[in-house]
Amino acid sequence: LCDRAKLALSGSLNPGRAVRCRMWQTAPDGGMHPGAGAGPAVGYGGPPMGAPQNGSPNLTEIGRAYSEALKLLTNQAEKPVYNMLSMLAGEQKSSVEGASVIADVLFRKLVHEKAGLPFLWLVDSIIKNERGLFPKLFESRIAQMFLTLYKADSHRRPKILHVRRSWDRIFTPETLQTIDAEVAKINAHQTKVESRALRKAAAAANDPRHALAAAEAELTSNRLDPRRRKELVDTVNELKRQQQGHRHQPMPGHGPGPGVVSS
């Protein structure tokens with residue numbers, strides 16, 4: 001990133017200003033070639049990231065440069081990082097080819113590389129703050145991107161859903177209904193899984209065999225004081241007597257009972 005971008009990322013500049021980082025530099029022949037990451041900063045009128053070479057955009061360089069910039073996006077990234085990455089993407093918001101490259105990079109990050117919530121936040125920032133062609137380009141991809149993250153990150157689902165609730169005026173009702181229907185299925189499945197786990201845990205807690213195994217395991221510790229060891233020995237012996245009594249208990253209809261005379 002150029003010097004102005006670094007200043008914005010560090011908070012020395014107002015990240016909301018119209019700062020654009022030229023990641024290209026002018027060669028002696030007048031053409032645009034990739035810079036060494038320290039090209040001069042320009043305003044909105046300056047050449048964008050991935051500026052044309054011989055009249056056609058260098059799409060490969062756009063993708064490479066943006067992928068490199070995304071290394072700044074970590075779980076600890078603060079707002080200036082999101083603002084700068086959004087503005088870099090915004091350089092291509094009016095170009096079908098350039099914007100598609102940016103959308104492809106972010107799609108791969110979320111769907112194929114299983115990148116985390118910060119990348120969904122970045123997409124959200126781009127479609128809301130830069131707009132241009134991005135809402136339309138993400139329309140056909142956002143459901144898969146969102147649901148891949150929602151399935152993978154069960155601990156942060158409330159934060160993921162918070163992003164979804166802000167999209168009512170951005171994406172079509174059909175796209176949002178697809179997301180909501182799949183979210184409902186995922187939640188229902190998770191509820192069933194958790195219920196089975198709770199029932200299994202409750203059954204294990206009430207099973208004398210479980211208590212016996214736990215007591216015997218604790219007895220193997222070398223740090224038990226004599227009083228606790230005696231308690232465990234008594235517990236193990238009592239549980240073993242209960243198991244033996246259960247095994248020898250007559251089944252209904254067998255052995256002596258009311259109205260049955262033993263010979």
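Ala99 touches Gln92, Lys93, Leu133, Phe134 and Leu137 when residues up to four places away in sequence are not counted, a contact being heavy atoms within 4.5 Å. The model is a predicted one, in which local features need pLDDT of at least 70 and side-chain atom pairs count only at pLDDT 80 or more, while totals for chains, interfaces and linings use all residues. Residues are numbered from 1 along each chain as its sequence is written, and side-chain values use heavy atoms, with hydrogens and water left out.

Ala99 is placed in helix H4, residues 96-112; helices (H or I, at least four residues) and strands (E, at least two) are DSSP runs numbered from the N terminus. With a relative accessible area of 0%, Ala99 is buried. Buried here means under 20% relative accessible area, exposed over 50%, and partly exposed in between, with a 1.4 Å probe and protein chains only.

Axes are lines fitted to C-alpha atoms, for helices over the stretch in contact, and angles run from 0 to 180 degrees between N-to-C directions. The contact is made by Leu106, Lys109 and Leu110 of H4 and by Phe119, Leu120, Leu122, Val123 and Ile126 of H5. By class, the contact of H4 with H5 comprises 7 nonpolar, no polar and 1 charged residues; Ala, Val, Leu, Ile, Met, Phe, Trp, Tyr, Cys and Pro count as nonpolar, Asp, Glu, Lys and Arg as charged, and the others, Gly among them, as polar.

Helix H3 (residues 79-90) and helix H5 (residues 117-130) have axes that come within 9 Å and cross at roughly 55°. The two helices are therefore oblique to each other. On the H3 side the contact is made by Tyr82, Leu85, Ser86, Met87, Ala89 and Gly90, and on the H5 side by Pro118, Trp121, Leu122, Ser125, Ile126 and Glu130. The classes in this contact of H3 with H5 are 8 nonpolar, 3 polar and 1 charged residues.

Helix H7 (residues 142-152) is mostly covered, with 8 of its 11 residues buried. The buried residues of H7 are Ile142, Ala143, Met145, Phe146, Leu147, Thr148, Leu149 and Tyr150. Apart from neighbours within four places in sequence, Thr175 is in contact with Glu139 and Ile142. Thr175 lies in helix H9, residues 173-206, and is buried at a relative accessible area of 12%.

Over the chain, the secondary structure comes to 11 helices and 4 strands. Of the 263 residues, 39% count as buried.

Definitions and conventions: Angles under 35 degrees count as roughly parallel, over 145 as roughly antiparallel, 65 to 115 as roughly perpendicular and the rest as oblique.
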